[in-house]
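Hello,

Here is the structure we talked about handing over. Please load it, then read the notes below alongside it.

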Amino acid sequence: MQIINMNHIRLSIAKKTFLKNKWIYIFLAPGLCYFIFFHYFPMYGLHIAFKDYNVLSGFIKSPWVGLKHFRTLLNDPMFFRVFRNTLIICFYKLIFGFPLPIVLSLFLNEIRVLAFKRSVQSLIYIPHFISWPVIGGIAYALLSPQWGAIAGLFKFLNVPPINLLISKEYFRGILVVTTLWKTFGWNTIVYLAALTTIDPQLYEAAMIDGAGRLKRIWHISFPGIMPVVVILLLLRVGTILDTGFDQIMSLYNPLVAEVSEIFDTYTYKIGILQWRFSYTTAVGLFKSVIGLVLIVGANSLSRKVYKEGAIW
Amino acid sequence: MKTSTSDKLFSIINGTFFACIALLAFYPLWHVFMASISDPLLAGEGGFFLFPRGKINLEAYRKVITTAQIFRSYLNTLFVVGVGTALNMFLTTITAYALSKNHVKGITFITLLIVFTMIFRGGMIPTFLVVRSARLLNSLWAMIIPFLIIPFNMFVLRNFFLAVPKSIEEAAEIDGCSPPRILFQIILPLSVAALVTITLFYAVYHWNNFRACMLYINDDMKYVLQLVLRNLYLEGDTSFMDDLAQESTEMFTPESIKMATVMVATIPIMLAYPFIQKYFVKGIVIGSLKG
């Protein structure tokens, strides 16, 4: 009698577990299909970098050409210009854009008047929600030498107006500054959130020991957010070559093409607009491989220097 | 606690510094706003504004709102934001919930699969060709379907679900509740903060997305507001508005039109901002720390 009851119970538990798991799989199915079709299928499509893709033959039937496109790429002066621009612009953005939010968060954290602190927080991450076309519009409004805000400054300083937006010398600077403006608030808040996890007793102990504000920041706050800093840095390095398309397409003009054409804008122009699919896929693949090398390199470096920071 | 003079000095300098930073963050948009409602001739002289110059002039807005191209692109954007966000939330929620069940077979593997897509992607061209093969080109759906789930958002939700105490779910299971009911009637009401945050993330994403429109859509009747705005100031051509010139009672210039269009493209986000604020900092704390 008892044995039959046990089996009964086991069966119904098994049935319930299966039913419950069935639902989990059902929930997963649409999302998984989405990722496979729109993320993994394109990864498969990357191999057309080694083929002469044409729209009639599709992925499978297009003829194989091996490294032909990569050879073309290495002989294309435009490619090297694009490569150079991408590296320079991304490097500038990293050097100027990465440390700033960290420093800001450390000092913002020291503000004692809560209402003020909160107001500052609210204001600084507004730019994060503004789209690049809007930022482009704002940039024109501020930097136009005839009717922009800066026109007033030129008149005041009695200097002939320069159009910063079409000058090759300043355009990259504009890219960096606008990126900074858009992203510093969000990043500062992320670090600020990390700072709240530091044990307040550490600060109290330091104060008792007589450490001033700056000392406390340097010895407690800064090390306290290091793990977050390292992880975010790694992620930044990994996606670094991807940044800028939206921005450059919103601020672009032919006069600055020479200094601002990056991988993605180049790919757009000759890939999407001129249908040179295989060649631009080769360019894109080249870019992705470099990105992968960067993130793996940065991760290994971080593992050697700062163990808890590495992603793997 | 005694505050020393150096401490007080620090606070004053720090406070002033951040007041300036906050102003710097806010001023550019404010400038455009002021310029858009100012007298166009005075605004066109250049310089910095804190307040509108001259009489308040809303003619540029009137023009912008009644221009067919802009109005249409507004509708297109609303479609993408509405339908897109709804689909996003539905799919992201069920996927995040499923992925929070770590003990089920295969879940960790699938989680890794999705994380991998955050690091490595097929690229612009292969994705374009896939979108093309799905016959989405030149359709507003091309702004929705290829973006059905944004992994970062999904992981934020998943982490949130992971934090829900198991006892609640177990109690429901024992009572014979089926998983969909558990999710919708029990877990979701507990997750309102996270859900609102992610909904806002998606909505803002769709509102600001112009890249998909540029890549996948050729028909200018289907352009989205951000793209129309961009074309407007990059080409500087506001002549399509001249045919309405006779009807205007007040003055406008191409520049004031551009300013008004910029504002129109961003005002909804600004209106949503207090809501974003309310739920947002919680959202970042959850998302980034567990990142």
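**Helix packing in chain A**

H4(A) crosses H9(A) in a right-handed sense. On the H4(A) side, the contact is made by A:Arg84, A:Asn85, A:Ile88, A:Ile89, A:Tyr92, A:Lys93, A:Phe96 and A:Gly97. On the H9(A) side, the residues are A:Arg172, A:Leu175, A:Val176, A:Thr179 and A:Leu180. By class, the contact of H4(A) with H9(A) holds seven nonpolar, three polar and three charged residues.

Keep in mind that this is a predicted model.

Now the geometry of that pair. H4 of chain A covers residues 77–97, and H9 of chain A covers residues 168–195. Their axes come within 10 Å and cross at roughly 45°. H4(A) is therefore oblique to H9(A).

A:Phe83 also sits in helix H4 of chain A. Its relative accessible area is 18%, so A:Phe83 counts as buried. The cut-off for buried is under 20%. Beyond its neighbours within four places in sequence, A:Phe83 is in contact with A:Phe263, A:Phe286 and A:Ile290. There is also a C-alpha separation to note: A:Phe83 and A:Glu261 are 178 residues apart along the chain, and their C-alpha atoms are separated by 8.7 Å.

**Between the chains**

Helix H11 of chain A (residues 213–239) packs with helix H1 of chain B (residues 5–37): the axes come within 10 Å and cross at roughly 70°. H11(A) is therefore roughly perpendicular to H1(B). From H11(A), the residues in contact are A:Arg213, A:Leu214 and A:Ile217. They meet B:Asp7, B:Phe10 and B:Ser11 in H1(B). The contact of H11(A) with H1(B) divides into three nonpolar, one polar and two charged residues.

**Helix packing in chain B**

How do H4(B) and H7(B) pack, in angle and axis distance? The angle is about 50°, and the axes are 8 Å apart. Here H4 of chain B spans residues 68–99, and H7 of chain B spans residues 151–162. H4(B) and H7(B) are therefore oblique to each other. The crossing of H4(B) and H7(B) is right-handed.

H4(B) brings B:Thr92, B:Thr93, B:Thr95, B:Ala96, B:Tyr97 and B:Leu99 to the contact. H7(B) brings B:Asn153, B:Met154, B:Leu157, B:Arg158 and B:Phe161. By class, the contact of H4(B) with H7(B) has six nonpolar, four polar and one charged residues.

B:Tyr97 comes up again in a polar contact. Its side chain pairs with the side chain of B:Glu169 at 2.9 Å. B:Glu169 lies in helix H8 of chain B, residues 166–174. Is B:Glu169 buried or exposed? B:Glu169 is buried, at a relative accessible area of 8%. Leaving aside neighbours within four places in sequence, B:Glu169 is in contact with B:Tyr97, B:Lys101, B:Ile182 and B:Ile187.

B:Leu78 is another residue in helix H4 of chain B. B:Leu78 is partly exposed, at 44% relative accessibility. B:Leu78 and B:His206 are 128 residues apart in sequence, with 9.1 Å between their C-alpha atoms.

One is B:Arg135, with phi near 60° although B:Arg135 is not a glycine. Helix H6 covers 124–133. B:Arg135 counts as exposed, at 74% relative accessibility. The other is B:Asn138, also in the loop between H6 and H7 of chain B. Its phi is about 65°, again in a residue that is not a glycine. B:Asn138 is partly exposed, with a relative accessible area of 29%.

Last, B:Lys278 in helix H13 of chain B, residues 254–289. B:Lys278 is exposed, with a relative accessible area of 59%. B:Lys278 and B:Arg211 are 67 residues apart in sequence. In space, they are 29 Å apart, C-alpha to C-alpha.

Best wishes

How values were computed
Residues are numbered from 1 along each chain as its sequence is written. Chains are lettered from A and ligands numbered from 1 in the order in which they are written. This is a predicted model: local features need pLDDT of at least 70, side-chain atom pairs count only at pLDDT 80 or more; totals for chains, interfaces and linings use all residues. Side-chain values use heavy atoms; hydrogens and water are left out. Axes are lines fitted to C-alpha atoms, for helices over the stretch in contact, and angles run from 0 to 180 degrees between N-to-C directions. Helices (H or I, at least four residues) and strands (E, at least two) are DSSP runs, numbered from the N terminus. Angles under 35 degrees count as roughly parallel, over 145 as roughly antiparallel, 65 to 115 as roughly perpendicular and the rest as oblique. A crossing is left-handed if the near helix is turned anticlockwise from the far one by less than a right angle, and right-handed if clockwise. Contact means heavy atoms within 4.5 Å. Ala, Val, Leu, Ile, Met, Phe, Trp, Tyr, Cys and Pro count as nonpolar, Asp, Glu, Lys and Arg as charged, and the others, Gly among them, as polar. Buried means under 20% relative accessible area, exposed over 50%, partly exposed in between (1.4 Å probe, protein chains only). A polar contact is a pair of N or O atoms within 3.5 Å; within protein, one must be able to donate a hydrogen and the other to accept it, and residues adjacent in sequence count only if both atoms are side-chain atoms.
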